[in-house]
Amino acid sequence: MALFLLRRLGAMVATLVAISLIAFAVIELPPGDFATAYVAAMQANGVVMTEEEIAGLRAAYGLDGGLLERYAAWIWAILSRGDFGQSFEWRQPVSDLIWGRVGMSMVVELTALVVMWCVALPIGVYSAVRRYTVGDYAATLFGFLGLAVPNFLLALGLMYLSFRLTGSALSGLNDDRFIDAPWDAARIADFLAHLWAPVLVLATAGMAHLIRVLRANLLDELNKPYVVAARARGLPEGRLIWKYPVRVALNPLVSSIGLLLPTLISSSVVVGVVMSLPTAGPLLLRALMSQDTYLAGAFILLMGTLAILGTVISDLLLALVDPRVRHR
Amino acid sequence: MTEGNHLASTRRAVLAGAMAMAAAPLMPRPVAAREVPSLAADVAAGRLPPLAERLPEEPLVVQPVERIGRYGGTWRAGLRGGGDTIGLIRMLGYEPLVAWDREWRNVVPHLATAWEVSDEARVYTFRLRRGVRWSDGKPFTAEDIAFVVNDLFAHPDWPGGAPTWLRSGGAGPRAEVVDAHTLRLVFRAPHGLLLQHLATGRGTELTMYQRAHCAQFHPATNPNVEQLVREGNHRNWVALFQARCGQVFTAQRWQPTIPTLNAWIPETPYTGATQVLNFRRNPFYWKVDPEGNQLPYLDRVSFRISDSVEDLTLRAMAGEIDMQDRHIATLANRAVFHDNRERGGYRFFEVVPDLYNAVALMLNQTHRDPVMRSVLGNREVRRALSHAINRREIIDAVFVGQGRPWGLGSRPESPLYQPGVGEAHTVFDRALANRLLDEAGLRNRDRQGFRLLPDGRRFSIEVMIIPAVRPEWGDAAEMIQRDWRQVGVELRIATIDRTLMEERRNRNEFDALIWEGSAGLGEALQPDHFLPSSWWSAFGIAWFRWVQSPTHPDAMEPPAHVKRQLALYDEMLRSADPAVQAERMKEIIRIASDQLYAIGIVLPPNGYGIVRNTFRNVPASMPGSWSWPHPGPVQTSQFFLA
């Protein structure tokens, strides 16, 4: 087991290095750099900059060095003193910018995840056990609708509905007057009053997927001999379903939990933008668009790290459950 | 240097104090001034000096648009995404030395009350308003501006050096402090457009740094700067300076700790984590209304920072935005806003864009290929191509019928408007186009009916467009392509990335490109399309090279009509007289139109903004431009909530 762990961790470090290099290169891939993106944004505002000013900008941001040179400096700063560099756009240390937003993302996505599981689980079980009933068809319809309607459309629809019904747009995670306030009871209450909308939007799409997978898995299990045997021994139906086939049907879902880690930050990009949430997604999108190398790089690195961590956790869980994996 | 004084001999006061805010002559110190209610408690407690000690001896008297306002309230609006600092400058940061009037006709006194321009416009002497204070109570003097000009712009480390608008003869000016309230700017070469440039959004860069505060972060005035650089882990002193004292186009400049001359002071720094940016009134603001009430009327400003236009639009419709046109006033939103007027309790105001055209197609007259150069450089060919376009159809199909056929020429709202110039060469006449092309030696055609160049190649033009900048360009280009096909000219549409487009343009390796036609109101401030004056003068990149350096290998000597334009522009720079400048600029534009530097399609219709019914003193119409950084020159400090 120790050797297995060691091998896994070694692979993890190697993958991380590769991810960081690719992340950096991909951000640098589009023609131009932050200076050109900045100049374009300025021009959209009617501010025309000259070649000299642009050259000055480039020098001021240290954009005139080579790709590898800048990558090396960036990685060295991260490894040696945890410094993720400065955001070009905000001229602030990247770490000052991302952690608050990452935290907010985690809160929103985790809530959405919990809601998703709590709702999807009973529905999935119900629609498998009561296959081809009205309830199953309703759940299926709902599921496919949730899967088919893009998140942003759902968010826009919800915002418009809220505007028509209550006269106020449903966006953000706090009322303006609470935004710079301390997290007291009033602000938390206001936060919860805002939280349901993005959570609903985010949960709906995932829910559909979960319901379908659970239903299919459970259907496979329901006809297995152990279920028939348990039923023949007179076990009450409810207890039987929840105790045996559901637990087995959940297995493939549980083993993919590791993959959920990076989505805790990244899955709400579009919803975050549309609903103007102070989460990581909008900041990442903006950083990519303005070619804010270090800010975007830090995000991608973070997401890569979470993905790898998730995979390692999955591997370890699997190894714990299934001895064949760790001996191979 | 008294009001309206014209000295004919060696010096001439071109414009002086008298024009303060149109109708209002410089009044004697207004009396009856009462304390601002929201500041009364601070004054009573001794935390703030009384009004009389806060106001300058000669405050700027701002004529309200509608009426005298009342104190209190918050201006709510929205900013978008990353560092919308241009929006902040426009709404809250327009405090230049000299300003535009509301009609965009004249430059009027602002932080400077009078000025004198030497012959040949090389030396400008400004008299600064006495007793103006920064938001921390320290006096504003000529030293503050001399610091920016001499210690920042002229410092070898300062990125980019002096901004281009401030240069003449390739270099920035030298600032001389005559006394605390008299500043002299000495240029190497004539700079007759300085006053106009000072009144644009860029001009605010001269008045955003308080010397007393900023000198702490400058090596010339603080020998221990290196230590601060190290402590703050900055790249160099410039980075330290910009982090602590701001830089004109970055979010960093909006910090509570940086003294300002603006009407409102930020309560928290503007960073990537900011969700709402709040401002409170500057107790030392230096403007009053005609009754002597200190401005601003509004106590607070609260800008929601949103990533989504939809979010801002819904907020506006819900009445949660008091006044705004940025981001939300799209063509598509107009109908929605119209339908929700009563519900949201707002009205419209008009924004006249500083554009002469929404589609300006520029043919490269200095093409590297000599055959293409002789054809695209032929005025009759350009005329033919212009007459071959059915503009009405494009306007109906692409611009939902809004706007009128237009070529190259000032908007009717512009003081430089000349009847017939913008309309020239815009009549759809396929027969004329065919005849002109035949006469130009392009009679022979290939099997597919395309005309052949004199050397036997097909007459084919590749146009570079970036639909990301304006989605209409792609559709318009396809309709032009179809129209030109009818007269035997091939148009190939190259959708291209912006960086690549600029690179090909600057290397002079392109046939044609489409950009928006600017400027339509502030022509002299952005003359790119009227004479070879920048990299955006895509009709003659090699001529622009020649202007910069006649010996450059890519330079081409321009023909007589271009040289005439350059001479006219030179006269504009040597004369600071707006009347003379207007005449010269008109002639430059006439030549540009006559020579079809750009083939235009449509005069862009007026835009709009929305303003709550209770939010007053917003004019019904205003220009929309960076040269007249709307709504700044309206004087946002006189907005109030009824």
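Domain bounds come from an automatic or database domain assignment. On that basis, chain A of this predicted model is divided into domain 1 (1-89 + 292-328) and domain 2 (99-289). Chain B likewise has two assigned domains, domain 1 (11-209 + 246-352 + 609-641) and domain 2 (357-603). The two chains touch each other, with 41 residues of chain B in contact with 44 residues of chain A.

**Chain A: confidence and domains**

- The mean pLDDT of chain A is 83, and 95% of the residues score at least 70.
- Among the elements of chain A, helix α9 (residues 225-232) has the highest mean pLDDT, 89, while helix α16 (residues 323-327) has the lowest, 62.
- The C-alpha centres of domain 1 and domain 2 of chain A are 29 Å apart.
- The contact between these domains involves 15 residues of domain 1 of chain A and 13 residues of domain 2 of chain A.
- On the domain 1 side of this contact in chain A there are eleven nonpolar, three polar and one charged residues.

**Chain B: domains**

- In chain B, 36 Å separates the C-alpha centres of domain 1 and domain 2.
- Domain 1 of chain B contributes 20 residues to the contact, and domain 2 of chain B contributes 15 residues.
- Helix α5 (residues 194-198) of chain B gives the most to the domain 1 side, with three residues.
- By class, that side of domain 1 of chain B consists of ten nonpolar, eight polar and two charged residues.

- On the chain B side that touches chain A, the elements giving two or more residues are α8 (237-245), β13 (300-306), α9 (309-317) and α17 (498-506) of chain B.
- Of these, α9(B) gives the most, with five residues.
- The chain B side comprises 14 nonpolar, 19 polar and eight charged residues.

**An open sheet in chain B**

- Strand β13(B), one of the elements that give two or more residues to the side touching chain A, also belongs to an open sheet of four strands in the order β3-β13-β11-β10 (chain B), with mixed pairing.
- β3 (74-80) and β10 (264-266) of chain B stand at the edges with a single partner strand each, so one side of each has no neighbour in the sheet.
- From one strand to the next, the twist averages 25 degrees.
- β3(B) and β13(B) run parallel and are joined by seven bridges.
- Opposite B:R304 in β13(B) stands B:G78.

Definitions and conventions
Residues are numbered from 1 along each chain as its sequence is written. Chains are lettered from A and ligands numbered from 1 in the order in which they are written. This is a predicted model: local features need pLDDT of at least 70, side-chain atom pairs count only at pLDDT 80 or more; totals for chains, interfaces and linings use all residues. Two residues are in contact if their C-beta atoms, placed from the backbone, lie within 7 Å. Ala, Val, Leu, Ile, Met, Phe, Trp, Tyr, Cys and Pro count as nonpolar, Asp, Glu, Lys and Arg as charged, and the others, Gly among them, as polar. pLDDT is the predictor's confidence in each residue, from 0 to 100. Two strands pair if DSSP finds at least two bridges between them. Axes are lines fitted to C-alpha atoms, for helices over the stretch in contact, and angles run from 0 to 180 degrees between N-to-C directions.
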